[in-house]
Amino acid sequence: MTAYAARRLGGALIVLLLLSALVYLLFYVAPGDPAKLACGPRCNAGQLRQVREQLGLDEPLLAQYLHFLQGLLTGHDYSTGTGVLHCPAPCFGLSYQNDRPVTELLAARLPVTASLAFGAMVLWLLLGVGTGLLSALRRGGTTERVLTVLTLTGTATPVFITGLLLLMVFCAYLQWLPFPTYVPLSEDPEQWAWNLLLPWTALALLESAKYARLTRSSTLETLAEDHIRTFRAYGVRERAVIGRHALRGALPPVIALNAIDLGTMFGGAMLTETLFGLPGLGQLLVRSVRTVDLPVVVGTVLCIGAAVVLANAVADVLYALADRRVALT
């Protein structure tokens, strides 16, 4: 298992390196001059040349990419005209809009998106896996039909409609919850949870429908296997058959899907962040694209890509723990 985890970690690092090269090529070799964007519309030739030298854009492409990697690993020093600004590793450069290190901007936004993603993940796993398991155990009955209708409704309802309904009912009409504003977990854990409860619920209601259907089908498939019938024939309690064997056999596809959803949630929750006014990575990416702030775009994309790669690497290890045969491949 240790060797398997090391292989998956090494593969994740290689993917991240390739991702950094791809992102660099897309945003720095694409048509347009980053120096002009950083210098502004009223920049003369001398100022443009000075900005290009400060950003290292006058060097060959390979040297620029190596400096980019160096900044990620060891940091980078930037001349401000009156002094030197050190950007610590991992350094994605300076924002064109406010000359702040991109790392600072990401560090301010990442806790918001991480809180939203992980909190919603816990809810959609509880709702989805629980509903799917109950639906499989009550196959053919009224409970299954009701749960099937609910899951189909959840899949078909966009998150902005669910979010608006939750805001109208619980914030405006009943006034049970405050309108969401992000409170750091370290300052007030209770307010952190209360303010994120509605965004978590809006995302969980949408995502849990997929997990309910997947868990139901996986559980029914596992219950039909020979070893489950053998356990029952030997008189093993039904609770042990379901909890230790049937559910464990149904978890691997759920783990794989959850890794994809959790990783993409870091970049795909921008609609939810906008709806609930949460200053996360999604809002930062949209604003940076509109203002053509290339260092911030590159840093945000790499941060989201790293979340996807690492989530899948962790999922591979959990997949192997659920099914030890995977670690032997």
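Modeller: The link of Cys87 and Cys91 is right-handed, with 110 degrees about the S-S bond. Its two sulfurs lie 2.2 Å apart, and a disulfide here is a pair of cysteine sulfur atoms within 2.5 Å. A disulfide is a covalent bond between the sulfur atoms of two cysteines. By this rule the count comes to one disulfide.

Before going on, a word on the source: this is a predicted model, in which local features need pLDDT of at least 70 and side-chain atom pairs count only at pLDDT 80 or more, while totals for chains, interfaces and linings use all residues. Residues are numbered from 1 along each chain as its sequence is written, and side-chain values use heavy atoms, with hydrogens and water left out.

Now to the charged pairs. Side chains of opposite charge can pair when their charged atoms come close. A salt bridge is counted when a side-chain nitrogen of Lys or Arg is within 4 Å of a carboxyl oxygen of Asp or Glu, and the structure holds four of them.

One joins Lys210 to Asp261, at 3.2 Å from N to O. This pair links distant parts of the chain, 51 residues apart, with Lys210 in helix α8 (residues 189–223) and Asp261 in helix α10 (residues 238–268). Helices are DSSP runs of H or I with at least four residues, numbered from the N terminus. Asp261 is buried at 8%, while Lys210 is partly exposed at 33%. Glu207 joins these two in a network of salt bridges.

Another pair is Arg229 with Asp226, whose closest N and O atoms are 2.2 Å apart. They sit three residues apart in helix α9 (residues 226–233), so about one helical turn separates them. Asp226 is exposed at 55%, and Arg229 is partly exposed at 45%.

Glu104 and Arg100 also form a salt bridge, with 3.4 Å between the closest N and O atoms. Glu104 is partly exposed, at 42%, and Arg100 is partly exposed as well, at 36%.

Technical notes:
Buried means under 20% relative accessible area, exposed over 50%, partly exposed in between (1.4 Å probe, protein chains only). Helices (H or I, at least four residues) and strands (E, at least two) are DSSP runs, numbered from the N terminus.
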